[in-house]
Amino acid sequence: MQIAAESVLFASGEPVHISRICMALDTDRPRAEEALQRLGDYYAFERRGIRLIRMEDSYQLCSAPEYAEIIRRAFEIRKAAKLSQPALEVLAIAAYYQPVTRAQVDQIRGVDSAYTMGLLLDRGLIEECGRLSAPGRPRLYRTTQGFLRAFHISSLEELPPLPGMAEGDQISLEDHSEPAEE
């Protein structure tokens, strides 16, 4: 089952939801997750050139981080530009308060964030996820799987608590959202 899961992930080249893996392997979720855990442990223990990463309920094969520079040289890939302080601020707001409107981001930061949000959308770190049920029906935004990958976390639960908040406190903005149309 481990090798079959590896084949599915390799062929995909992008994150694969656990339900699709279960369907392909004709097994239940606990058995599939156990096989994926063993596969990930194998790559890490054997210090292979690839790693298995988990992002919420999806899995993906990727290159081992210690070989990033070699891969860049092999494919003449320029190093991704670092994120600016405003971009990091907007990402933090989106990650902790999502879903969030641009006006809410602007209000928290105290400055116009339109340009920065556009850059984050272009980089695939945030995405539109619906509209607020309020006058003007502003767009709602959330972080993406690309955000999880970029920050090497598997889910938003791994984000550190905000300073001044007790463990378990919830952050939320009043939710008047409707799901995005597919």
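This is a predicted model: local features need pLDDT of at least 70, side-chain atom pairs count only at pLDDT 80 or more; totals for chains, interfaces and linings use all residues.
Q: What share of the 182 residues is buried?
A: Buried residues account for 29% of the 182 residues in the protein. Among contacts between residues at least 6 apart in sequence, 49% join residues at least 24 apart.

Q: How do I read a sheet, and in what order do the strands of the open sheet stand?
A: The general idea is that strands of a sheet pair through backbone hydrogen bonds, either parallel or antiparallel. Here three strands make an open sheet with the order E1-E3-E2, and their pairing is antiparallel. Strand E1 (16–17) and strand E2 (50–55) are at the edges; each has a single partner strand, so one side of each is left without a neighbour in the sheet.

Q: Which helix packs on the sheet?
A: Helix H1 (residues 2–12) does, touching E1, E2 and E3. The direction of H1 makes about 70° with that of E3.

Q: How many bridges join E2 to E3, and which residues can I use as landmarks?
A: E2 and E3 run antiparallel and are joined by six bridges. Look for Leu52, which stands opposite Leu61 in E3. On the E1 side, two bridges pair E1 with strand E3 (residues 58–63), again in the antiparallel sense. There, Val16 stands opposite Tyr59 in E3.

Q: What should I look for in the turn of a hairpin?
A: Check the phi angles of the turn residues. The hairpin of E2 and E3 has two residues between the strands, and Glu56 takes a positive phi near 55° in this hairpin. For a second case, go to strand E4 (residues 126–132) and strand E5 (residues 139–143), which pair in the antiparallel sense over five bridges. Glu128 stands opposite Tyr141 in E5. The E4 and E5 hairpin has six residues between its strands, and Gly136 in the turn has a positive phi of about 90°.

Q: How do I describe two packed helices, and at what angle do H5 and H6 cross?
A: Two packed helices are described by the angle between their axes and the distance between the axes. For helix H5 (residues 85–97) and helix H6 (residues 102–109), the axes come within 10 Å and cross at roughly 120°. This crossing of H5 and H6 is right-handed.

Q: Which residues of H5 and H6 meet?
A: From H5 come Pro86, Glu89, Val90, Ile93 and Tyr97; from H6 come Val105, Ile108 and Arg109. The residues of this contact of H5 with H6 divide into six nonpolar, no polar and two charged.

Q: Which residues in H6 are buried, and what covers them?
A: In H6, the residues Gln104, Val105, Asp106 and Arg109 are buried. The cover over the buried residues of H6 includes H5 and helix H7 (114–122). After H6 comes Gly110, with a positive phi near 85°.

Q: How do I read aromatic pairs, and how many are there?
A: Compare the distance between ring centres and the angle between ring planes. The count here is two aromatic pairs. Tyr42 and Tyr43 form a tilted pair, 5.8 Å centre to centre with 55° between the planes. Phe147 and Phe151 have ring centres 5.0 Å apart and planes at 40°, so this pair is tilted.

Methods
Residues are numbered from 1 along each chain as its sequence is written. Side-chain values use heavy atoms; hydrogens and water are left out. Two strands pair if DSSP finds at least two bridges between them. Helices (H or I, at least four residues) and strands (E, at least two) are DSSP runs, numbered from the N terminus. Contact means heavy atoms within 4.5 Å. Axes are lines fitted to C-alpha atoms, for helices over the stretch in contact, and angles run from 0 to 180 degrees between N-to-C directions. A crossing is left-handed if the near helix is turned anticlockwise from the far one by less than a right angle, and right-handed if clockwise. Ala, Val, Leu, Ile, Met, Phe, Trp, Tyr, Cys and Pro count as nonpolar, Asp, Glu, Lys and Arg as charged, and the others, Gly among them, as polar. Rings of Phe, Tyr and Trp (its six-membered ring) pair if their centres lie within 6.5 Å; planes under 30 degrees apart count as stacked, over 60 as edge-to-face and the rest as tilted. Buried means under 20% relative accessible area, exposed over 50%, partly exposed in between (1.4 Å probe, protein chains only).
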